[in-house]
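User: Can you walk me through this fold? Keep it quick.
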Amino acid sequence: MTEQEMRAAIAQHVKPLVCFEGLELVRCETGQITATAPVTENSLNLYGNAHGGWLYALCDTCSGMVTCTYGVPNVTLQAGINYIKGARPGDTVRVEAKTQHKGGQTAVNRVELFNQAGELLATANFTMYLMTRRG
């Protein structure tokens, strides 16, 4: 697939969420994407930090995006996340998502989140189910 075709596939896959305003796909190639998202009021928990659920959803969305670079619709089959450091309002989160393995029906992706200083915020692993059509 060309980069333009990959971006079109991703655009069809990603449903905009209000908490992802400003989500931007910075780099896109087969099996690897980079995206950024600002920490906004809509992404905060009660303590004023980026909500863990928002960080997880960001990882999940970007895992789906990277899987779309293969031109295959997909959904999350299994996932796990480790939170390392918090993010605050005004921070910009950089997402690095990379496919570690792509098989016939699943893909395994590694997703890492960084702040604007390059500090690791979270690591996540996703197994994506590839929704290929059969006969």
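Analyst: Two strands pair if DSSP finds at least two bridges between them. Helices (H or I, at least four residues) and strands (E, at least two) are DSSP runs, numbered from the N terminus. This is a predicted model: local features need pLDDT of at least 70, side-chain atom pairs count only at pLDDT 80 or more, and totals for chains, interfaces and linings use all residues. Residues are numbered from 1 along each chain as its sequence is written, and side-chain values use heavy atoms, with hydrogens and water left out.

User: OK. How many bridges pair E2 with E4?
Analyst: Seven bridges, in the antiparallel sense. E2 covers residues 32-38 and E4 covers residues 92-102.

User: Which residues in E4 are the bridge partners of Thr34 and Gln32?
Analyst: Thr34 has Glu96 as its bridge partner in E4. For Gln32 the partner in E4 is Lys98. Ile33 stands opposite Ala97 in E4.

User: And what stands opposite Ala97 in E5?
Analyst: Val111. E4 and E5 run antiparallel and are joined by eight bridges. The hairpin between E4 and E5 passes through three residues.

User: What about E1 and E2? How many bridges there?
Analyst: Five, again in the antiparallel sense. Glu29 stands opposite Gln32 in E2. The hairpin of E1 and E2 has two residues between the strands, and Gly31 takes a positive phi near 80 degrees there.

User: Zoom out. What order do the six strands of the sheet have?
Analyst: E1-E2-E4-E5-E6-E3, an open sheet with antiparallel pairing. E1 (24-29) and E3 (74-83) stand at the edges with a single partner strand each, so one side of each is left without a neighbour in the sheet. Neighbouring strands are turned by 20 degrees against each other on average, direction ignored. For angles, axes are lines fitted to C-alpha atoms, for helices over the stretch in contact, and values run from 0 to 180 degrees between N-to-C directions.

User: Which strands does H2 lie across?
Analyst: H2 (residues 52-68) lies across E1, E2, E3, E4, E5 (106-114) and E6 (120-130). H2 runs at about 135 degrees to E3.

User: How many residues of H2 are buried?
Analyst: Twelve of the 17, so H2 is largely enclosed by the rest of the structure. Buried means under 20% relative accessible area, exposed over 50%, partly exposed in between (1.4 Å probe, protein chains only). The buried residues of H2 include Trp54, Leu58, Cys62 and Cys68. E2 is mostly covered too, with six of its seven residues buried.

User: Now the core. How many residues are in the largest one?
Analyst: The largest nonpolar core has 35 residues. Such a core is a set of buried Ala, Val, Leu, Ile, Met, Phe, Trp, Tyr and Cys residues joined through side-chain atoms within 4.5 Å. Ile33, Trp54, Leu58, Cys62, Val93, Val95 and Leu113 have the most contacts inside it. H1 (3-13), E1, E2, H2, E4, E5 and E6 each supply at least two residues of this core. H2 gives the most, with eight residues.

User: What is Leu58 in contact with?
Analyst: Phe20, Leu23, Ala37, Val93, Val95 and Leu113, leaving aside neighbours within four places in sequence. Contact means heavy atoms within 4.5 Å.

User: And Thr36? Which residues does Thr36 touch?
Analyst: Gly22, Leu23, Glu24, Val26, Thr92, Val93 and Arg94, not counting residues up to four places away in sequence. Thr36 is in strand E2. At 18% relative accessibility, Thr36 counts as buried.

User: Are Cys28 and Cys62 buried or exposed?
Analyst: Cys28 is buried, with a relative accessible area of 5%. Cys62 is buried at 0%.
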